[in-house]
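Here is a short report to read with the model open beside you.

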Amino acid sequence: MLPLETLGAFFVTAIVMGLAPGPDNIFVLTQSALYGFRAGIMTTLGLMTGLFGHTAAVALGVAALFQTSEMAFMVLKCAGAAYLLYLAWLSFRSGASRAWLEQSTFPGYWALYRRGVIMNI
């Protein structure tokens, strides 16, 4: 049996992490605040579709492939790092620090849905 101190620390940490909003929640709240209720719904639907993608990948055994193949896992990590660098470059080029000064234009419901899917996959 685990010591009482360890169980207590785990319980408190689990509660705090459960109450803290994750990136998906913050993304939905931001889109809803900027573009309204329907935009938040479309973003949420996109995020849910991304979760179905995760479930399908696990059901098809892709997770087992990454667990057993060190090379496949390394390729996945490098692709993820390259994608993050690409996003950083786009943000740097667009002048994201000045973005709050301008009125943002509505990207459309399909674009919000697509962002949600990509964000969760």
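Leu7 sits in helix α1, which covers residues 4–19; helices here are DSSP runs (H or I) of at least four residues, numbered from the N terminus. This is a predicted model, in which local features need pLDDT of at least 70, side-chain atom pairs count only at pLDDT 80 or more, and totals for chains, interfaces and linings use all residues. Residues are numbered from 1 along each chain as its sequence is written, and side-chain values use heavy atoms, with hydrogens and water left out.

Leu7 counts as partly exposed because its relative accessibility is 32%; buried means under 20% relative accessible area, exposed over 50%, and partly exposed in between, with a 1.4 Å probe and protein chains only. Apart from neighbours within four places in sequence, Leu7 is in contact with Met1 and Leu2, where contact means heavy atoms within 4.5 Å.

Trp110 belongs to helix α6 and, with a relative accessibility of 58%, counts as exposed.

| Pair | Apart in sequence | Apart in space, C-alpha to C-alpha |
|---|---|---|
| Leu7 and Leu85 | 78 residues | 39 Å |
| Trp110 and Met42 | 68 residues | 7.7 Å |

Helix α6 spans residues 109–120, and Asn120 lies in it. Is Asn120 buried or exposed? Asn120 is buried, because its relative accessible area is 12%. The Asn120 side chain reaches the backbone oxygen of Leu47 at 2.6 Å. Beyond its neighbours within four places in sequence, Asn120 is in contact with Asp24, Leu47, Gly50, Leu51 and His54.

Now to the helix pair. Two packed helices are described by the angle between their axes and the distance between the axes. For helix α2 (residues 23–35) and helix α3 (residues 37–59), the axes come within 7 Å and cross at roughly 150 degrees. These axes are lines fitted to C-alpha atoms, for helices over the stretch in contact, and angles run from 0 to 180 degrees between N-to-C directions. α2 and α3 are therefore roughly antiparallel to each other, a label for angles over 145 degrees. On the α2 side, the contact is made by Asp24, Phe27, Val28, Gln31, Ser32 and Tyr35, and on the α3 side by Phe37, Ala39, Gly40, Thr43, Thr44 and Leu47. By type, the residues of this α2 and α3 contact are six nonpolar, five polar and one charged; Ala, Val, Leu, Ile, Met, Phe, Trp, Tyr, Cys and Pro count as nonpolar, Asp, Glu, Lys and Arg as charged, and the others, Gly among them, as polar.

Terms used. Helices (H or I, at least four residues) and strands (E, at least two) are DSSP runs, numbered from the N terminus. A polar contact is a pair of N or O atoms within 3.5 Å; within protein, one must be able to donate a hydrogen and the other to accept it, and residues adjacent in sequence count only if both atoms are side-chain atoms. Angles under 35 degrees count as roughly parallel, over 145 as roughly antiparallel, 65 to 115 as roughly perpendicular and the rest as oblique.
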